[in-house]
Amino acid sequence: MGNIEKLSGNLEAVKTICNYGGDTAKKCYQCATCSSVCPLAPDEAPFPRKQMLYAQWGLQGKLLNDPSIWLCHQCGDCTKYCPRDARPGDVLASLRLLATRELLPFKFLHTLYNNLWGLPFLLLIALLIILPVLFLTFQGIPNFSDPTVFPYNPELHYKILFLDLPARVVMNDIVFLSLAIFIVAIMVNAVGKLWQNYLDYYQIPQAYRYGAITILKNYLIPALKEILAHTRFEKCGANSWRANPHKMLLFAFVILFITTGTVFFLADVLGMHTPWNPFTHPVKWMGNIGGILLLYGIIGLITGRNRAVLENSLKTSYSDSFLLWLILLVGLTGFLIELGRIFTFYYNYTGYIYVAHIVLVFMLFLAIPYSKFSHLVFRTTAVIFDFYYKDIQKKI
Amino acid sequence: MFKKPLLVVGGGISGITAAIEAAEMEADVIIVESSPTLGGRVAQLRYYFPKLCPPTCGLEINYKRMKARGNLSVYTMADVVSVSGTPGDFKVKVKIRPRYINENCTACGECAKVCEGERVNEVDFGLSKTKAIYLPHPMAFPYRYVLDKDALAPGDLDRIMSACKYGAINPEMKEEEIELNVGAIIWATGWKLYDATKIDYYGFGRFANVVSNMQVERMASPFGPTNGQILRPSDGAKPKRVAFVQCAGSRDENHLPYCSYICCLATLKHTLYLAEQEPESESLVFYIDIRTPGRYEKFFKRAQSEANIKFIKGKVAKIEEDEATKDLLVTAEDTISGKRITERVNMVVLALGMQPSVAGQTIPGLILDAHGFVMEKEGIIPVGCAKKPLDVMTSNETATGAVIQALAYLR
Amino acid sequence: MEKIGVFICTSCDIGNRLDISELEATAREQGVNSVYSSEFLCSKEGREFINTKLKEEGLDGVSICACSFRVNYDVFNFGKVAVDRVNLREGVVWSRFPIGENGEILDDSVEVTSGVAFKDELMALAKDYIRMSVAKLRVYKLPVPYQPEEEISKTVLVLGGGVAGLTAALECAKLGYPVILVEKEKELGGFSAKLKAQCEAKYPYTQLVKPIVFSLIEEVQKNDLIKIYTGATLTNLSGAPGLYTAKIKQGPKEEEVKVGAVVLATGFKPYDASTLTQYGYGKLKNVITNIEFELKAAKGDFTRPSDGAPIKSVLFIQCAGQRSDEHLLYCSSYCCLASLKQAKYLREADPESQAYIVYEYMRTMGIYENFYKTLQNDPGVFLTKGKVLEVSEGTNGKVKVVIDETLFGEKVEVEVDLVVLAIGMVPTTKDEAILNLEYRQGPALPELELFYGYADSNYICFPYETRRTGIYAAGAVHQPMTIDQVIDDARGAALKAIQCLTAIEMGHAVHPRTWDFAHPEWDLKMCTQCKRCTEECPFGALNEDEKAFPIPFLTRCRRCGTCFGACPQRIINFKDYSIDMITSMIKATEMPEQGYEQYRFLAFVCENDAYPALDMLAYQRKSIPVSIRVIPVRCLGAVNVAFIKDAMSKGYDGILLFGCKFGENYQCHFIKGSELANRRMENVQETLQQLALEMERVTIDTVAIDEIDKIINKTNEFVNLIKSYGENPFKGW
């Protein structure tokens with residue numbers, strides 16, 4: 001308390017926050033109802049009252065360096081009880097979006113991801129990257145109405161080193177491996193920045209600033225445990241319904257991630273090529289379970305949200321619905337392709353569906369840094385920091 | 001000098017003031033009061049802030065001024081149904097509920113002695129019961145009993161009828177509607193306490209020891225349910241540690257969006273009651289802003305020096321009950337330290353806000369604003385807490401001021 | 001009164017506990033014309049019965065021996081016939097019981113002293129009351145309303161031409177009362193005419209509007225009942241309500257006008273900011289007061305005083321020199337709204353500008369919360385609770401403000417172009433005697449110090465009750481307030497002013513004794529010029545002539561009887577309340593001989609608080625000692641020492657006085673009644689000691705109307721104490 005903080009209200013920042021859906025922040029008169037009803041806020045550093053004040057003054061710096069905004073799960077209890085109708089839950093959601101933007105390069109992508117008018121451009125980008133690779137690997141424009149030409153072309157093979165890969169696989173590998181590398185690169189960089197901010201914000205003494213390895217070794221596992229168990233989410237009062245579908249969705253992603261990994265190994269490396277029989281093949285089972293969980297979770301979230309909006313405990317921005325529907329469509333197209341081989345009446349359209357699917361998957365991948373999907377990474381970071389901070393608090 | 005009488009709706013302190021001030025201008029005045037007695041809210045208070053003097057003192061003077069006036073008449077248990085006509089010539093329909101007691105009543109109390117049926121005493125905000133035949137309170141005006149027929153026990157009617165030597169009980173009385181022709185109307189229907197059960201997270205009604213500020217006022221009153229002692233409802237013990245929840249319902253978009261003006265001062269007064277009763281006791285006041293305008297600041301200082309008060313800037317948003325002790329755990333963020341605290345207290349007092357009595361009603365000829373406060377229009381002048389949230393002194397300024405406006409319409 | 005009738009009611013337990021025929025006998029012994037008893041006297045039949053007897057026997061005074069005068073006041077009203085109410089119900093049968101060891105009520109037959117049953121004492125009490133009543137009626141005279149010889153002026157003098165003054169003037173004129181409006185400035189309008197804008201004074205309370213004062217000025221100037229004196233002051237106000245002569249000085253010439261009543265609406269002065277050095281005022285050019293900012297804004301000038309650079313940011317410091325022991329102790333009520341308003345000025349002048357407001361408590365009372373909300377929503381308004389620690393020179397002409405106890409949880413420093421201090425109001429009455437009253441007790445309103453110099457009332461129920469009849473304060477000189485309250489307040493003061501004139505016309509007192517047509521009368525032949533009445537009158541109703549004889553001004557008088565109580569010569573009397581009356585009442589009572597352990601006590605109680613308390617005690621069937629006889633008085637100030645002497649020599653063993661609380665939060669509506677009585681009784685107690693009597697035999701105490709248990713305890717303690725001293729040795733002399 002001894003040191004004096006130089007402050008000045010930032011009108012521009014306030015306006016930006018308002019544009020990102022934080023406009024209600026100004027209504028707050030700091031009664032701190034939110035901080036006391038919040039089921040997730042820790043007693044020693046409760047939120048979101050203070051974050052609301054930062055927002056009102058446009059103190060971006062303070063907001064971006066504050067893990068609290070990521071620890072918030074938008075339960076909506078604060079919003080429900082706020083006497084000024086300042087909707088702290090929604091304000092923090094918009095602050096997270098803002099933080100994401102600040103942390104990443106190529107901000108135009110963030111803009112495209114969080115505005116309806118950006119949607120066509122996103123599709124365009126996806127196609128511009130996917131189609132050339134497709135034409136390249138399929139040696140010209142294939143006949144999309146004939147699945148035996150696209151995507152399941154038995155003739156087209158590529159021998160790379162000891163591998164023997166069908167065109168389809170080569171195409172996907174080129175597109176998604178490079179995309180993955182790009183995403184991992186920028187996210188690692190962003191997380192590094194964020195972590196540094198936290199350390200500085202909490203003035204962690206050098207002695208306690210461990211390296212990445214130690215941090216992950218000590219705190220990643222407990223954090224992941226907690227995230228998978230959704231313990232924080234389940235504390236939510238007003239919007240507790242979200243815990244279960246969100247958990248299922250998370251599981252779905254984990255399972256599908258493993259599935260994709262296995263497929264990559266079995267098919268690309270060991271050459272056991274798909275399509276496999278969906279009824280007999282164990283990997284297929286895994287994939288289908290993942291897919292079903294995904295649909296269950298996403299539909300649960302969409303319907304739940306609509307209900308919550310009616311009850312006014314939650315407000316749904318474009319960024320919210322965009323991601324929900326994107327995930328839903330990815331799931332649906334995925335299944336359509338698979339079922340095409342059982343219900344043959346639309347089997348001939350598989351080619352088109354396949355293109356749609358990979359375009360959607362492409363957009364979903366890119367959404368990890370640039371949409372609210374980023375919480376997958378940043379919230380995890382914040383939770384890890386939370387564990388880390390609590391731990392060293394004891395030591396200091 | 002004046003052609004038509006003045007109608008004053010509401011017989012609380014504002015209404016009484018307006019009526020007398022007008023009557024002493026030699027105008028004819030009619031008071032229409034909904035309850036069985038004049039006096040309104042102030043008759044329920046033990047003391048006024050900031051002087052800590054009993055409101056009954058002012059009522060006594062006002063009653064005496066009224067009694068000396070032949071030009072002032074009072075209808076109790078009466079409600080205005082509709083207002084029509086024009087300024088200077090209003091037609092006002094008034095519904096009068098039966099009291100079942102006529103002017104023969106000498107208030108000797110023989111009837112109540114033999115009456116077995118009981119009813120909840122709304123004057124004590126449910127903290128006590130009266131007999132089915134009862135005197136509203138010691139400063140009742142008119143000083144006459146009231147019969148609540150529904151509360152009578154079997155056989156009561158015969159018992160009370162034969163107990164009354166003066167033929168004062170008339171169970172056959174019917175509701176009647178009269179029409180008054182008046183030149184102007186002063187609307188002084190005052191306020192009602194906001195319904196605390198609507199603020200679910202405070203547990204009022206669920207937790208025995210969460211009480212309202214007006215209940216504290218009644219307990220502190222020598223004519224109240226506990227003969228002037230502030231006690232925990234759960235076990236009748238004197239609370240040692242009490243939490244006061246400011247803005248309970250007020251300044252809240254989910255309840256009353258405006259500030260109720262008096263709650264901070266009332267709470268400070270209550271901390272002084274506690275200090276007077278139990279010098280060791282501690283008061284925790286959870287507030288957003290302490291609002292003691294003008295000279296009331298002195299009262300704020302007085303409370304700080306005479307009572308043992310801890311002020312916490314942060315609104316209470318969570319109250320839990322300890323099953324065993326019936327103590328309460330009150331949670332808020334202390335916004336100055338930035339920490340979330342939970343305090344154990346013996347009793348919680350909700351500083352409930354005021355809602356206009358007419359809120360939610362539709363009375364043809366009367367315009368209400370979004371909150372239910374009465375809006376002024378030609379010849380119909382709202383005063384006191386029917387106009388906006390106010391303290392007693394300012395209410396009486398509006399009430400007195402309204403008279404000079406009203407008189408212009410009576411000529 | 002010549003022909004007196006006594007009517008005894010037998011209902012409400014009176015018949016059950018008292019022997020009516022004995023009471024009748026006692027009444028007859030007093031030599032009255034007739035005595036009747038009947039049940040249910042307050043019934044139509046009862047009232048008819050009395051009426052017929054009145055006519056038949058041409059009675060001019062009746063003693064109604066039934067219930068308290070506080071009930072059935074309308075029933076027992078027989079116009080020109082003098083009525084005295086003997087309180088047998090509340091005063092005797094409902095409040096005097098034989099109490100057992102454990103507080104249980106015993107039978108009336110129990111012995112109180114050897115050979116004396118409680119019933120006997122109860123009867124003795126009832127009989128004494130009847131004797132007193134008859135004695136009272138004998139000397140009672142019907143009040144004659146006071147009518148001044150000079151013609152009453154119906155003109156209202158309004159001091160101050162601001163919102164309050166203008167409103168008051170208009171309202172009086174609307175009802176046909178001529179008004180003289182005196183404004184010391186060259187222009188009408190007062191401070192609010194200098195405002196850029198004001199907060200709207202009606203729902204929804206969210207907007208800024210043109211100050212309403214301008215429309216008021218127009219109306220006032222159009223109204224030919226209102227005579228306006230601008231650039232003028234009141235130099236002298238002599239006379240009394242209804243009969244004032246006001247000297248008004250306008251430029252060189254001085255004019256004398258007749259006025260009836262006064263509305264004091266001279267408003268406020270800004271607090272002297274030069275004392276606010278801790279905020280850099282006077283040191284830093286870019287630190288100004290909210291008043292100065294308002295004037296700048298009104299001119300559309302949003303530049304820094306230091307260098308004329310445009311103001312990009314302003315920080316408002318709330319409560320500057322207010323709510324503080326070094327400066328103003330009170331809150332000025334307007335400043336929070338004013339700063340929000342001025343923040344709006346800045347934001348509207350320059351959308352890129354920033355307005356900071358640092359407050360301890362944001363006080364937007366009532367529905368003005370809406371205005372607070374509107375300003376909160378402005379992205380350029382930055383609010384925080386905080387205490388300003390330091391204001392100092394910042395970089396390039398800016399001002400640096402350090403704030404502690406903020407909502408950020410840390411000390412913060414903000415640099416702004418301009419700091420605005422929200423300073424408070426000081427009532428114009430604080431330092432100058434604006435009224436310049438030609439009163440013996442001084443030119444200004446008394447005891448202003450109680451209210452920080454505001455011309456305020458001490459009574460919550462009665463905001464216009466001050467110690468100078470006919471003078472009513474309104475607006476910012478009355479209490480700290482905002483414009484919307486000023487309007488209501490001004491109307492209120494105006495009403496009280498014309499109401500005072502009505503009272504004078506009717507010949508009755510003003511509040512609180514508006515029912516009282518009697519008034520004190522001086523028999524100056526025996527006056528010793530001791531000045532007690534002129535000095536002690538709480539309302540300054542008396543001046544003195546050069547020989548120090550009192551000059552009463554009855555339209556200033558409130559009929560409290562303080563003068564009556566003060567006068568050692570007993571030359572001040574009311575028609576219906578006189579030395580003769582009370583002494584003969586005391587004499588009329590029956591005093592048992594010494595040695596029979598039958599004590600007698602007399603209690604003088606305040607009519608407005610203690611007496612109703614006794615009634616309420618009776619309604620709860622609680623008990624005070626049967627040996628006490630109660631005489632209600634208009635105020636303890638109206639208890640003349642002669643009463644005490646008479647009572648003591650009559651043989652009363654002790655005398656109790658119950659009055660209202662005195663001291664800082666005094667409750668006496670006659671200001672010092674009980675306090676004066678207290679002082680007088682101290683003298684009496686000295687005399688007692690000289691007579692080798694215990695001083696406690698005369699005891700004064702204060703009770704509020706609701707302090708029933710206190711009365712019970714005090715009376716019992718008193719009675720037991722005196723009994724421990726033994727009987728009054730002068731008994732039976």
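1. Let's start with helix α15 of chain C, residues 610-619. Ten of its ten residues are buried, so the helix is largely enclosed by the rest of the structure. "Buried" means under 20% relative accessible area, "exposed" means over 50%, and "partly exposed" lies in between (1.4 Å probe, protein chains only). Helices are DSSP runs of H or I with at least four residues, strands are runs of E with at least two, and both are numbered from the N terminus. Among the buried residues of α15(C) are C:Tyr611, C:Pro612 and C:Tyr619. Just after this helix, C:Arg621 takes a positive phi of about 55°.

2. A quick word on what you're looking at. This is a predicted model, where local features need pLDDT of at least 70 and side-chain atom pairs count only at pLDDT 80 or more, while totals for chains, interfaces and linings use all residues. Residues are numbered from 1 along each chain as its sequence is written, chains are lettered from A and ligands numbered from 1 in the order written, and side-chain values use heavy atoms, with hydrogens and water left out.

3. Now chain C as a whole. It has 18 helices and 34 strands, and its C-alpha trace spans about 100 × 60 × 55 Å along the principal axes. Of the 733 residues in chain C, 67% are buried. Contact means heavy atoms within 4.5 Å. Among contacts in chain C between residues at least 6 apart in sequence, 70% join residues at least 24 apart.

4. How many residues of chain B are in contact with chain C? There are 83, and they touch 96 residues of chain C. The two chains bury about 7600 Å² between them, 58% of it on carbon and sulfur atoms. Buried area here is the accessible area (1.4 Å probe) that two parts lose on being put together, summed over both. On the chain B side, B:Lys51, B:Arg295 and B:Ile404 lose the most area to chain C, together 10% of what that side buries.

5. Staying with chains B and C, the interface holds 13 salt bridges. That term means a side-chain nitrogen of Lys or Arg within 4 Å of a carboxyl oxygen of Asp or Glu. One to find on screen pairs C:Lys373 with B:Glu253, with the closest N and O atoms 2.7 Å apart. Helix α8(B) gives the most to the side of chain B that touches chain C, with 13 residues.

6. Chain A meets chain C too, with 28 residues from chain A and 28 residues from chain C in the contact. Together they bury about 2300 Å², 55% of it on carbon and sulfur atoms. A:Leu11, A:Lys26 and A:Trp57 supply 27% of the area that chain A buries there, more than any other three residues. Four salt bridges cross this interface, and A:Lys62 with C:Glu410 form a salt bridge at 3.3 Å, N to O. The largest share of the chain A side, six residues, comes from α3(A).

7. Last, have a look at the surface of chain A. Residues including A:Ile160, A:Phe264 and A:Phe265 form a nonpolar patch there, with about 1000 Å² of accessible area together. The largest share, three residues, comes from α13(A). A:Phe265 sits in that helix, and at 44% relative accessibility it counts as partly exposed. Patch residues have over 30% relative accessible area and no salt bridge, with like charges joined within 9 Å and nonpolar side chains (Val, Leu, Ile, Met, Phe, Trp, Tyr) within 5 Å. Accessible areas come from the Shrake-Rupley method with a 1.4 Å probe, and for residues only the protein chains shown count as cover.
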